[in-house]
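Let's explore a protein model together, one question at a time. Keep the picture open as you read, and try each question yourself before looking at the reply.

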Amino acid sequence: RYLKMMMDESSGIRKQDGALVFTSVANTEKGNQIAFYFLRNNWKELLRYYGVAFSILSKMVAAVPVYMNTQDKFKEMEQFWKQNSEKLGTAARSFQQAMETIQGNINWKNTSYHELEVWLSRYNEGLSTT
């Protein structure tokens, strides 16, 4: 509902604050998937409301990959990018960067997650013995 309000001029949310509203939802673990779903399902309306050359859409796209770290999420973003490649405007580069970020998250998870988990486990064990 909050995300829908950012496209309603009568909501009290200024048009230029749309990216801030979107980012505040996308930057939470639970809200991230909601924000991405909203972006995908309302892309045409977002383009109509904010315009293809408006940087707000780029900021919205950039906020999405924060919690994305699986191949499935990468494929979702890639599919969305391919389906809308003709209608991305200034957000095209943000989509490419978002996919690069997701791939980086996947790579970090594959190479470092287990190592960090082991370290934290050992650290916790050290705390409980003192």
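Q: Leaving out residues up to four places away in sequence, which residues does asparagine 42 touch?
A: Keep in mind that this is a predicted model. To find asparagine 42, look in the loop between helix 3 (29-41) and helix 4 (43-50). Not counting residues up to four places away in sequence, its contacts are Lys4 and Met7.

Q: Is asparagine 42 buried or exposed?
A: The value to look at is its relative accessibility, which is 9%. Buried means under 20% relative accessible area. Asparagine 42 therefore counts as buried.

Q: How do the axes of helix 2 and helix 5 run, roughly parallel or roughly perpendicular?
A: Helix 2 covers residues 18-26 and helix 5 covers residues 55-63, and their axes come within 9 Å. The axes cross at roughly 5 degrees. Angles under 35 degrees count as roughly parallel, so helix 2 and helix 5 are roughly parallel.

Q: How do the residues in the contact of helix 2 with helix 5 divide into nonpolar, polar and charged?
A: Helix 2 brings Gly18, Ala19, Phe22, Thr23 and Ala26 to the contact. Helix 5 brings Ile56, Lys59, Met60 and Ala63. Sorted by type, they come to 6 nonpolar, 2 polar and 1 charged.

Q: How many residues apart are glutamate 76 and arginine 40?
A: The side chains of glutamate 76 and arginine 40 meet in a salt bridge, at 3.0 Å from N to O. The pair links distant parts of the chain, with glutamate 76 in helix 6 (residues 71-83) and arginine 40 in helix 3.

Q: Which residues are linked with Arg40 in a network of salt bridges?
A: Arginine 40 is partly exposed, at a relative accessible area of 26%. Glutamate 76 also counts as partly exposed, at 22% relative accessibility. In the network, Arg40 is linked with Lys73 and Glu76.

Q: How far apart are the closest N and O atoms of arginine 14 and aspartate 17?
A: Arginine 14 is partly exposed, with a relative accessible area of 49%. Aspartate 17 is partly exposed too, at 22%. These two form a salt bridge, and the closest N and O atoms are separated by 2.9 Å.

Q: What is the distance between the closest N and O atoms in the salt bridge of arginine 93 with glutamate 100?
A: Arginine 93 has a relative accessible area of 42%, making it partly exposed. Glutamate 100 counts as partly exposed at 48%. In their salt bridge, the distance between the closest N and O atoms is 3.8 Å.

Key. Residues numbered from 1 in each chain as written. Predicted model: local features only at pLDDT ≥ 70, side-chain atom pairs only at ≥ 80, totals over all residues. Heavy atoms only, no water. Axes fitted to C-alpha atoms, helices over the stretch in contact; angles between N-to-C directions. Helix = DSSP H or I, 4+ residues; strand = E, 2+ residues; numbered from the N terminus. Parallel < 35°, antiparallel > 145°, perpendicular 65-115°, else oblique. Contact = heavy atoms within 4.5 Å. Nonpolar A, V, L, I, M, F, W, Y, C, P; charged D, E, K, R; others polar. Buried < 20%, exposed > 50% of the residue type's maximum accessible area, 1.4 Å probe, protein only. Salt bridge = Lys/Arg side-chain N within 4 Å of Asp/Glu carboxyl O.
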